[in-house]
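Okay, thanks for coming, everyone. Let me put the model up and walk you through a few side-chain contacts and a helix.

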Amino acid sequence: MGAKVLVPQAVAREAIEDLLGYGYEVKMGSGAKEGDLIRDVADCDAILLRTAPCTKAVLEAGKRLKIVARHGAGYNNVDLEAADTLGIWVTNTPDATTNSVAEFTLGAIIMAAKRTQLFCDALKRDDFFFKYNNKGLDLAGKTLGIVGLGRIGSAVAKKAYYGLGMKIIAYTPHPRPEHTPVYVELVDWDTLFSRSDFVSLHMPAKKDNRGCVGKAEFAMMKETAYFINCARGEVVDQEALAKALKHKEIAGAFLDVLESEPFDLSWPLFGMDDVTITPHIGSNTVECMRLMATQAAEQIHKVLSGGRPDWPVNTPRGK
């Protein structure tokens with residue numbers, strides 16, 4: 001019997017073609033809920049996973065499972081502890097999203113600075129002349145504070161410095177000055193929030209950092225500063241952000257992520273001026289979706305061929 005790969009949600013056709021080319025049977029899932037995966041995974045050797053919940057129950061149901069390959073950089077939807085215990089590799093595709101999300105973040109910074117959403121809303125109210133009493137900002141010479149200097153944070157720093165002429169400061173919990181570009185000044189947490197004209201988050205969501213950006217951080221920011229989050233919604237205290245915006249402690253925000261998905265349109269943030277919210281689309285490009293899917297397929301092939309994945313995020317028992 002040949003190896004079988006479960007694909008619970010649609011992925012780029014190139015990845016399916018790759019899996020078939022490797023000689024695997026591809027099983028398209030019947031749904032993306034836990035119960036669907038439990039039912040579908042029983043005879044599968046691998047899962048090419050997007051956002052569906054890969055819980056302990058799902059992993060236990062996959063008696064033949066050897067790898068769960070995440071289509072994307074995050075892996076919050078996989079029970080890593082259970083995967084470790086069961087000897088199942090979990091991998092992601094950390095390189096695939098870097099350029100797409102970095103480009104999107106630059107767009108977010110520009111939209112916030114130019115107050116694009118505010119002017120668009122005014123125009124829809126037939127107020128063409130709203131612009132005369134409201135102005136945007138130029139970005140050259142402004143300070144961009146980057147929280148998290150990993151792949152995406154570093155790419156944003158480079159693009160903002162060379163492309164927009166911004167000054168770059170950054171906070172990282174594990175600073176390595178010898179590997180930091182000369183145009184990036186490493187600073188502490190408080191300094192970043194207090195000095196920045198734009199704060200952009202590029203940090204993963206972990207158990208110990210939920211809501212770590214909150215009331216204290218927004219109070220430190222300039223009243224003219226903008227907050228950008230194209231990373232993970234869980235790391236921000238959403239209520240504190242809404243209050244900071246309401247009380248004009250900061251000038252505005254661009255948010256591609258919120259604390260849970262899909263978003264609740266009754267949340268106060270949706271009714272606020274100078275707040276742009278997009279539905280987690282930072283990596284939603286043709287090129288990025290293709291790359292995430294094909295890289296995940298490649299990781300599956302490596303493991304099912306007896307090798308190790310390139311980007312494991314766990315240490316499975318016996319491996």
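So, Arg 195: with a relative accessibility of 35%, it counts as partly exposed, where buried means under 20% relative accessible area, exposed over 50%, and partly exposed in between, using a 1.4 Å probe and protein chains only. Its salt-bridge partner is Glu 185, with the closest N and O atoms 3.1 Å apart; the rule is a side-chain nitrogen of Lys or Arg within 4 Å of a carboxyl oxygen of Asp or Glu. Arg 195 sits in helix α8 and Glu 185 in strand β8, so the bridge ties together parts 10 residues apart in sequence. Glu 185 is partly exposed too, at 37%.

Quick housekeeping: this is a predicted model, so local features need pLDDT of at least 70 and side-chain atom pairs count only at pLDDT 80 or more, while totals for chains, interfaces and linings use all residues. Residues are numbered from 1 along each chain as its sequence is written, and side-chain values use heavy atoms, leaving out hydrogens and water.

How many salt bridges does the rule give? The count comes to 16. Another one joins Lys 66 and Asp 45, at 3.4 Å from N to O. That pair links distant parts of the chain, 21 residues apart: Lys 66 is in the loop between α3 and β4, Asp 45 in the loop between α2 and β3. Lys 66 is partly exposed at 35%, whereas Asp 45 is buried at 6%.

Then there's Asp 43 with Lys 27, closest N and O atoms 3.0 Å apart.

What does the buried side of α5 pack against? Its buried residues touch several elements, including β6, α7 and β11, with contact meaning heavy atoms within 4.5 Å.

Last, the rings: the whole structure has 14 aromatic pairs. Phe, Tyr and Trp rings (six-membered ring for Trp) pair if their centres lie within 6.5 Å, with planes under 30 degrees apart called stacked, over 60 edge-to-face and the rest tilted. Phe 104 and Phe 254 have centres 5.9 Å apart and planes at 75 degrees, so they're edge-to-face. Both are buried.

Key. Helices (H or I, at least four residues) and strands (E, at least two) are DSSP runs, numbered from the N terminus.
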